[in-house]
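Please walk me through this model one part at a time. Give the cut-offs behind each term as it comes up.

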Amino acid sequence: MRQVVFLAWQSLRFHRLQSAILIFGLAVTLYLPLAVNGLVARYQASLLQRAGATPLVAGGLGSRFDLVLHALYFRGHVPRLLKMADVQALRDTGYAEPIPLYVRFTARHAPLVGTTLDYFAFRQLPLARGEPLLQLGDCVLGAEVAATLNLGPGDRLLTDPENVFDLAGSYPVSLRVMGVLAPGHTPDDRAVFVDLKTTWLIEGLAHGHSDVTGTNTDANVVLDRTATNVTANAALVEFTEVTAENLASFHFHGDPGDFPVSAILPIPRDEKSATLLRGRYQVPDATVQILVPRGVVEELLGLVFRIKRFFDANAALVGTATAAFLLLVVLLSLRLRRPELETLFRLGCARGLTTRLVAVELTGLALVSAVVALTAAQITWALVSLW
Amino acid sequence: MMIEVEKLVFRYPHSTFTLRVPELSVAEGEKVALAGPSGSGKTTLLHLLAGILLPDEGRIVVGGVQPPRLGDGARRAFRIGQLGLVFQDFQLLEYLDVFENILLPYRIHPALTLTAAVRERARQLARETGIDHRLSHRPGRLSQGEKQRTALCRALLPQPLCLLADEPTGSLDPAAKTRVLEILFEQCTRARATLLMVTHDTGLLGRFDRAIHLAEVSR
Amino acid sequence: MVKLPLIARLGLASFLSLVFTACRPPAAASSSTVPARRPVVCTTSYPLFYFAQRLAGDRATVRFPAPANEDPAFWRPSRDIVRQYQRADLILLNGADFEKWVNTTSLPLAPQVDTAAGFKQDWLMFPEVITHSHGPHGAHSHGAIDFNTWLDPLLALRQADAVADALRRLLPGAGAELEQRRQQLRRDLLALDQELRGLSTRLASQPLLASHPVYGYLAHRYGWNLASVHWEPDEPVTDAQWVAFDALRARHSGTLMLWEEQPLPAVGAGLRARHVLPVVFWTCGNRPVHGDYLQAMEQNLDTLRAALASAAAANPAFRGGPEGTEKTGK
């Protein structure tokens with residue numbers, strides 16, 4: 001067998017251009033479905049892993065796909081907002097601890113995720129640098145965001161205005177970067193995390209300004225004053241940055257129970273509690289829906305991959321045609337090599353040697369093609385995962 | 001006798017040609033030329049003697065063995081181990097260098113084991129035939145004479161009992177023809193191998209021990 | 001070298017692996033023999049600290065990080081203390097807008113327990129607070145919520161029950177012990193309530209004064225006829241404030257004035273000149289100098305009883321009912 005391998009290697013080496021073309025053809029035929037299916041499988045696994053790691057998602061009534069994509073991957077908008085009162089009501093059931101999320105704003109185009117410290121413990125997100133959130137106006141960056149924006153603990157990050165033309169709308173707030181999360185290869189890498197209260201600050205439900213009720217208040221900022229109330233006018237400057245000096249001036253207006261939340265991650269105490277909680281909200285007049293994310297993502301992937309079958313069929317046809325062409329090339333090559341094979345026979349080669357020789361050559365080509373295809377696929381998967 | 005043929009009859013399928021050799025013999029160590037007009041069956045006879053083709057009738061004995069009576073595998077082993085074949089068109093493998101072409105019989109049959117002694121013998125043959133400076137070159141870079149000398153070394157390396165050469169000088173120029181023939185005769189003498197060589201060149205017949213005219217033999 | 005047959009080699013390998021397995025050092029002590037860490041409970045007010053300590057005993061480490069010289073209602077914890085709260089297994093909040101620093105601080109939601117959330121309908125508002133608003137139709141602040149809920153023993157009991165419920169979830173194996181302690185604390189708070197009711201009958205509908213509007217829950221529960229000003233014990237009273245005080249007394253002629261701490265001597269003199277006796281009724285927001293919450297409240301009652309007796313002796317116009325009669329309160 002060693003001699004056959006030697007002869008096969010010598011032949012392939014001599015006909016290097018033809019060998020390279022055959023390897024290229026075979027490798028491409030193998031690479032395309034390998035790379036695509038590998039990417040799809042990895043993406044699917046990544047999506048399902050994220051969904052599987054989240055027991056439940058709660059949100060307003062409407063599209064369950066929108067809700068799950070929003071809560072798990074911070075994409076898109078929810079069909080309907082909830083309130084903090086809904087968070088408390090869920091907590092009062094005793095079946096789960098709720099983790100509220102408010103994902104509405106962005107900072108340098110990265111989603112701004114308003115939540116509580118419970119989120120970091122639930123997702124097991126360690127810090128690579130710096131400290132956790134401490135107070136209003138702080139933020140913690142996902143690993144990719146920090147790398148892309150070249151920011152770290154101690155830096156400042158400005159939130160994006162929702163509408164640059166709406167001067168009376170939410171205004172940008174300068175956030176203090178407290179920490180940077182370690183890479184986790186999840187959507188958390190591409191998000192900026194703030195305390196839930198900070199998103200309400202950005203929305204305008206809270207603000208900080210100098211005291212207007214005191215006797216030393218600048219009269220230019222007072223619209224009206226009675227014995228029990230002072231009305232400030234638009235000249236009153238509101239702080240766009242939370243500092244140690246002005247922190248105490250920040251306050252909320254309105255009932256905290258009415259403050260908005262876009263989704264809730266209920267963390268049930270156990271399986272039974274999860275079932276009971278879901279049952280509690282499956283009533284006709286419920287305004288909150290509770291979903292099992294894995295089921296929703298599987299359903300979504302099923303819809304998407306129904307289309308993938310057409311691509312698979314197309315790839316199979318193309319692969320079959322390519323294989324047919326390659327077979328034709330091999331057969332023609334054998335015809336061209338008939339004198340060589342005849343020589344070996346006339347010299348008295350062992351029975352089956354010519355067959356083994358051709359088989360070893362083809363196997364070698366196939367193996368090299370497979371290695372090339374697999375290597376190219378691995379590189380593709382690695383590059384895509386980086387991107 | 002090295003070669004004995006009796007009442008040999010061979011017909012190609014789908015052809016009207018019939019080779020008939022009632023009787024033919026070649027003694028050990030003899031150098032015999034096999035002559036005849038084109039289409040008389042000279043090459044066919046060589047192939048029958050080598051066991052490449054099987055006769056329809058008759059008896060063939062080469063080196064005491066009747067190749068037609070052997071199984072395919074044994075026939076191949078006999079051919080590669082006991083016979084040396086030299087072809088008019090050299091039939092070297094273009095993807096092997098001269099050295100590997102010479103060693104080829106030892107790579108294509110387990111009956112022959114490639115050892116360091118075999119490699120050294122190959123180098124010696126190359127020196128004796130004047131192609132030792134071409135050992136790392138592929139056939140594409142050789143002259144016709146050098147190619148034929150390579151083929152000759154390949155045929156002689158297994159130390160065959162009998163060398164069957166099919167117009168080995170047919171493609172060579174006169175100078176190369178002379179050189180190859182001298183080497184052929186010299187090596188056969190040195191190896192004490194029997195030589196049966198097909199040739200069209202009547203001018204060479206005098207150099208052989210005798211000549212067999214196939215047209216006269218085949219009736 | 002002797003080459004053993006394959007089966008002999010396999011057998012030898014198996015035997016040797018068994019020998020090495022048997023010689024393995026004993027496994028390290030299992031985690032069940034290592035005592036588990038005691039859960040940490042952080043509170044935002046002294047009364048909650050007291051309740052949690054009484055209920056948890058040595059089952060949990062209870063902390064109240066506010067410095068003794070700070071008013072916890074207006075205290076802002078340092079970074080290190082915020083981290084303490086963040087790491088706590090249970091964060092007990094008074095609620096009713098007591099711990100304002102929580103509104104601008106990042107704390108995990110799961111460990112938080114708002115002990116006043118269960119009686120939101122009973123919250124009172126501070127009177128005469130100046131609010132502010134933005135524009136004619138803009139956002140506006142509401143009147144401030146009176147956060148001194150623990151002064152009312154029955155509301156304090158509800159807060160203590162909330163603490164007990166939270167501790168029961170935190171210490172699932174201590175249910176019986178917790179319940180026993182809860183019943184004991186309940187008896188103590190109900191006894192305090194009875195004493196206050198009895199004392200309140202002596203007060204009858206006598207007008208009372210207060211330096212700060214922090215006794216609203218006591219007044220509401222026990223029917224005290226209470227009027228408040230906004231004086232600080234460590235600050236002198238201005239002439240304008242005296243004028244306003246006199247005007248108040250013209251329509252609310254109280255002779256006892258409750259103070260969270262002793263007023264300045266000059267203020268005390270001014271009050272006595274007006275036949276008003278300052279009475280220290282400590283609000284228990286932070287740690288008492290001596291004793292605990294219940295002892296401090298007992299001290300408050302003793303001080304008030306003595307003041308009542310003194311007022312009755314000094315001022316024949318002062319009328320009060322006998323202690324012990326059930327008083328129509330809330």
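**A walk through the three chains**

With 13 C-beta neighbours inside 10 Å, Gln159(B) counts as partly exposed; a residue is buried if 20 or more other C-beta atoms lie within 10 Å of its own, exposed if 12 or fewer, and partly exposed in between, with C-beta atoms placed from the backbone. This is a predicted model, in which local features need pLDDT of at least 70 and side-chain atom pairs count only at pLDDT 80 or more, while totals for chains, interfaces and linings use all residues. Residues are numbered from 1 along each chain as its sequence is written, and chains are lettered from A and ligands numbered from 1 in the order in which they are written.

Gln159(B) sits in the loop between helix H5 (144-156) and strand E6 (162-166) of chain B; helices (H or I, at least four residues) and strands (E, at least two) are DSSP runs, numbered from the N terminus. Gln159(B) is not a glycine, yet has a positive phi of about 55°. Lys7(B), also not a glycine, has a positive phi of about 45°. Lys7(B) belongs to strand E1 (residues 3-11) of chain B, and counts as exposed because it has 12 C-beta neighbours inside 10 Å.

Chain B as a whole has seven helices and eight strands. Of its 219 residues, 48% count as buried. Chain A has 11 helices and 16 strands, and 32% of its 387 residues count as buried.

Next comes the contact between chains A and B. It takes 20 residues from chain B and 17 residues from chain A, two residues being in contact if their C-beta atoms, placed from the backbone, lie within 7 Å. On the side of chain B that touches chain A, helix H2 (residues 72-82) of chain B gives the most, with six residues. That side of chain B divides into 11 nonpolar, three polar and six charged residues; Ala, Val, Leu, Ile, Met, Phe, Trp, Tyr, Cys and Pro count as nonpolar, Asp, Glu, Lys and Arg as charged, and the others, Gly among them, as polar.

Within chain A, the axes of helix H3 (residues 64-73) and helix H9 (residues 293-336) come within 10 Å and cross at roughly 115°. Axes are lines fitted to C-alpha atoms, for helices over the stretch in contact, and angles run from 0 to 180 degrees between N-to-C directions. H3(A) and H9(A) are therefore roughly perpendicular to each other, the class for angles of 65 to 115 degrees. Their contact is made by Arg64(A), Phe65(A), Val68(A) and Leu72(A) of H3(A) and by Pro293(A), Val296(A), Val297(A) and Leu300(A) of H9(A). By class, this contact has seven nonpolar, no polar and one charged residues.

The largest nonpolar core has 138 residues, and Leu101(A), Cys139(A) and Ala52(C) are among those with the most contacts inside it. A nonpolar core is a set of buried Ala, Val, Leu, Ile, Met, Phe, Trp, Tyr and Cys residues joined through C-beta atoms within 7 Å. Helix H4 (residues 153-170) of chain C gives the most to this core, with nine residues. Apart from it lies another core, of 72 residues, including Leu8(B) and Val86(B).

Ala116(C) counts as buried because it has 22 C-beta neighbours inside 10 Å.

Conventions
Parallel < 35°, antiparallel > 145°, perpendicular 65-115°, else oblique.
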